[in-house]
Amino acid sequence: MIESVDEHLRRQLTAWEEDDEARRSWLARYTPAHDSQPVRSSPPGVVPTGKGPVPARRPDAPIATDLLQEYFDAQARSRHLDLAARSLQSQGEGFYTIGSAGHESNAAVALALRPTDPALLHYRSGGFYCARAAQVPGGTPVEDVLHSLTASTRDPISGGRHKVFGHAGLSIIPQTSTIGSHLPRAVGLAFSLGRAKALGRSTSWPDDAVVVTSFGDASMNHSTTIGALNAAGYCSHQGVPLPLLLVCEDNGIGISTTTPPGWTEAVLGGLPGIGYLAADGADPAQALTIAAAAAARVRRERRPLVLHLKTVRFMGHAGSDAEIGYRSTRDILGDYARDPLLRTAAALIEDGASAGDVLSRYEEIGSAVRKSAEAVHGTPRLRTAREVMSPLTARDPDAERETAATRAPSRETIFAGKLPEDGPALTLAGSINAALIDLLAAHPGALVFGEDVAKKGGVYGVTRGLRKRFGAQRVFDTLLDEQTILGTALGASLAGLLPIPEIQYLAYVHNAEDQLRGEAGSLAFFSNGQYRNGMVVRIAGLAYQRGFGGHFHNDNSVAALRDIPGLVLAVPSHPAEAPGLLRACAGLAAGSGKVCVFLEPIALYHTRDRQEGDGRWLAPYRPPSADADEFCRARLHGDGEDLLILTYGNGVRMSSRVAADLRAEGISARLLDLRWLNPLPEEDILAQARTASRILIVDEGRRTGGIAEPLMALLTDHRVQTPVARVCGEDSYIPLGPAASTVLVTEERIAQAARDLCQAG
């Protein structure tokens with residue numbers, strides 16, 4: 001039978017108390033020569049970013065006794081919290097057992113930093129959390145973690161929604177990622193701290209703050225992690241300030257899959273533009289010294305650096321993981337010799353403490369943790385859906401309206417004396433461009449960025465002239481990577497800016513959809529509203545481009561966006577609507593921290609007419625004003641009594657053309673432009689539906705997962721008895737050329753469906 005790591009530690013300390021020679025013998029046997037595991041500041045052939053390599057041996061200067069004791073205490077609290085997690089689960093009081101045992105050396109990283117340095121942490125960061133909480137007067141790491149483990153409403157970060165390491169007072173931003181999906185946000189935050197300072201904008205953190213983020217060796221292989229590391233190096237290569245400390249906690253195994261020896265060092269040590277330091281987490285002097293060197297270097301140079309921290313993993317991946325099923329007893333027991341807690345205990349004894357004193361301290365901490373664990377039995381928990389969802393539904397309408405209505409005092413100067421409302425009617429693209437100028441002018445913290453948005457002015461010219469007006473600090477091109485674009489937005493919003501990123505095509509957002517679903521959408525939920533990442537993601541999309549397309553440039557699927565809790569999705573159909581909708585989204589983002597997607601129909605960007613030559617798809621510009629568009633309100637067109645058409649986007653123009661033709665046939669129709677696809681404007685839909693003779697849903701999206709499905713469900717749920725029909729796109733990718741019309745909604749199909757519905761009575 002394998003003894004537990006807790007039993008092993010106690011047995012060793014007891015043996016050392018009885019025979020100090022046993023400790024010396026144990027250390028001589030299990031401590032490798034330091035020069036056999038060299039620590040480099042950069043890989044061979046790469047110019048180091050610091051002042052020279054860290055010595056490949058134990059530093060001569062001893063670690064201060066009080067620092068060593070603080071380190072041990074944080075490690076011990078973390079270890080006992082892992083034991084408490086399993087005990088609480090067995091009693092039906094705890095709900096999470098992925099622990100930090102073996103990773104407690106990450107406490108050295110916390111001790112090397114300040115509690116004002118923002119941290120986005122790996123889920124095995126118990127040591128870090130305990131060390132940082134101890135740096136702040138009144139910190140209660142044990143109680144914090146226990147409340148989180150038990151889904152207690154007293155959890156200081158999530159309010160009982162999830163087990164996360166987070167605390168606003170400790171600058172720890174909650175993350176649940178197991179695959180590095182938090183790293184693009186960390187890169188974005190490090191990038192945005194410098195950007196905010198350059199713009200004279202205040203943030204929640206000091207000017208010299210360092211962003212720290214941690215991840216595992218298995219997660220290092222995930223494309224999200226690789227993309228984030230690439231983005232960090234890309235910025236550093238160009239001299240862009242990026243104060244980011246990346247900590248890879250390398251335990252050599254991902255659940256049950258072993259990481260090939262040397263692979264992690266080979267990858268991390270060869271990253272262009274990113275410094276590299278390595279430390280053995282089983283050596284407290286080395287971990288503390290090198291972590292301090294890493295933090296100091298990043299703070300001084302404002303350049304990214306990887307700290308490769310070698311660790312072990314105890315007690316399996318989680319409570320349900322039977323490690324013996326894929327690891328030998330010899331390998332499991334062999335890791336016990338690398339127990340960071342036992343190694344720190346040995347260092348304390350070497351420093352003058354007795355083994356008995358160290359064991360007593362370990363027991364004292366354990367007793368306090370167990371007592372606190374007993375106290376959380378019967379803790380209050382969330383009981384209603386309303387309570388659970390409150391961070392997702394919370395709003396500040398007054399702040400939203402204020403943001404949306406704000407006009408820059410210098411509008412006339414910004415527009416070079418030619419205010420758009422005084423000029424000719426605009427296309428959809430022109431109205432969005434003018435609205436972006438107004439937003440950037442009124443909100444100095446607003447940023448516009450994405451692929452080709454700056455110098456080129458966007459593929460369709462929508463952002464033309466913005467960079468010239470507002471400069472490269474606020475309007476800039478990014479590398480070609482959607483997850484980096486969204487990660488930059490996530491970080492910028494945390495830095496107090498108003499990010500307005502652009503995703504070039506709707507199909508491209510699926511490359512990075514988890515940055516919206518798993519990161520942007522979840523932050524308010526997992527922080528109980530204490531952290532938010534308001535943004536307006538502009539996406540060019542939907543179908544009907546002529547002469548240019550295929551499924552990547554003609555994508556009509558919005559299902560993935562509508563499935564994200566709390567995400568707001570708006571679609572302008574006409575240049576009269578676009579400025580108000582875009583400003584409403586900016587208000588939601590800045591005023592209430594909402595994640596908004598503004599989906600712009602590409603085919604309507606430069607459309608001028610409803611019918612040829614009539615100029616009815618142009619509109620005078622609506623400047624910012626107190627009568628800002630209301631969130632989740634639809635727009636009614638016409639007053640026909642025979643038919644109500646529910647539609648959006650391209651469907652508005654097609655349906656309005658059809659309605660004009662149907663009028664000649666004696667069928668009068670009115671059209672409700674939904675404008676908001678998530679959430680749907682239910683109040684307006686039902687008000688019109690209950691007075692309609694017939695309802696036709698025109699959904700340019702796919703039959704499965706499109707807007708027609710929730711609309712029909714809404715009508716059914718509210719017992720609307722009116723006859724209903726729908727016209728949808730097919731469940732198909734969109735082909736290139738004329739064949740596209742075979743799978744998309746056409747005016748002919750809309751007209752025939754309307755006739756059939758009216759003829760059916």
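**Close-up 1. Four tyrosines form a ring cluster.** In this predicted model, ring pairs join Tyr460, Tyr505, Tyr508 and Tyr605 into a cluster. If you search the whole structure for aromatic pairs, you get 10. Two of these pairs get their own views next.

**Close-up 2. Phe314 meets Tyr336.** The ring centres of Phe314 and Tyr336 sit 5.5 Å apart with their planes at 85°, so we call this pair edge-to-face. Phe314 comes from the loop between β8 (305-310) and α11 (329-336), while Tyr336 belongs to helix α11 itself, so the pair ties together parts 22 residues apart in sequence. Are these two residues buried or exposed? Phe314 has a relative accessibility of 4%, so it counts as buried. Tyr336 has a relative accessible area of 6%, and it is buried too.

**Close-up 3. Phe631 meets Trp676.** Here the ring centres of Phe631 and Trp676 are 5.2 Å apart and the planes are at 85°, so this pair is edge-to-face. Phe631 lies in the loop between β14 (595-601) and β15, and Trp676 is in strand β18 (residues 676-678), so to speak a link between distant parts of the chain, 45 residues apart. Both Phe631 and Trp676 are buried.

**Close-up 4. Two arginines lie over phenylalanine rings.** Arg161 lies over the face of Phe525, at 5.9 Å from the ring centre. In another spot, Arg195 lies over the face of Phe476, at 4.8 Å from the ring centre.

**Close-up 5. Five strands make an open sheet.** Read across the sheet and the order is β15-β17-β16-β19-β20, with mixed pairing. At the edges you'll find β15 (635-637) and β20 (724-729), each pairing on one side only. From one strand to the next, the twist averages 20°. β19 (residues 695-702) and β20 pair in the parallel sense over 6 bridges, and Val698 has Val727 in β20 as its bridge partner.

**Close-up 6. Strand β16 and its neighbours.** β16 (643-647) runs parallel to β17 (669-673), and 5 bridges join them. β16 also runs parallel to β19, this time with 3 bridges. Take Leu644: its bridge partner in β17 is Arg670, and in β19 it is Ile695. Helix α24 (residues 650-664) lies across β16, β17 and β19, at about 170° to β17. Together, β16, α24 and β17 make a right-handed β-α-β unit.

**Close-up 7. The side chains of β16.** In a regular strand, side chains alternate between the two faces of the sheet. In β16, Leu643, Ile645 and Thr647 point one way, and Leu644 and Leu646 the other. Because 5 of its 5 residues are buried, β16 is largely enclosed by the rest of the structure.

How values were computed
Residues are numbered from 1 along each chain as its sequence is written. This is a predicted model: local features need pLDDT of at least 70, side-chain atom pairs count only at pLDDT 80 or more; totals for chains, interfaces and linings use all residues. Side-chain values use heavy atoms; hydrogens and water are left out. Two strands pair if DSSP finds at least two bridges between them. Helices (H or I, at least four residues) and strands (E, at least two) are DSSP runs, numbered from the N terminus. Axes are lines fitted to C-alpha atoms, for helices over the stretch in contact, and angles run from 0 to 180 degrees between N-to-C directions. Contact means heavy atoms within 4.5 Å. Buried means under 20% relative accessible area, exposed over 50%, partly exposed in between (1.4 Å probe, protein chains only). A crossover is right-handed if, with the strands pointing away from the viewer, the path from the first strand over the helix to the second runs clockwise. Rings of Phe, Tyr and Trp (its six-membered ring) pair if their centres lie within 6.5 Å; planes under 30 degrees apart count as stacked, over 60 as edge-to-face and the rest as tilted. A charge sits over a ring if NZ of Lys or CZ of Arg is within 6 Å of the ring centre and within 35 degrees of the ring normal.
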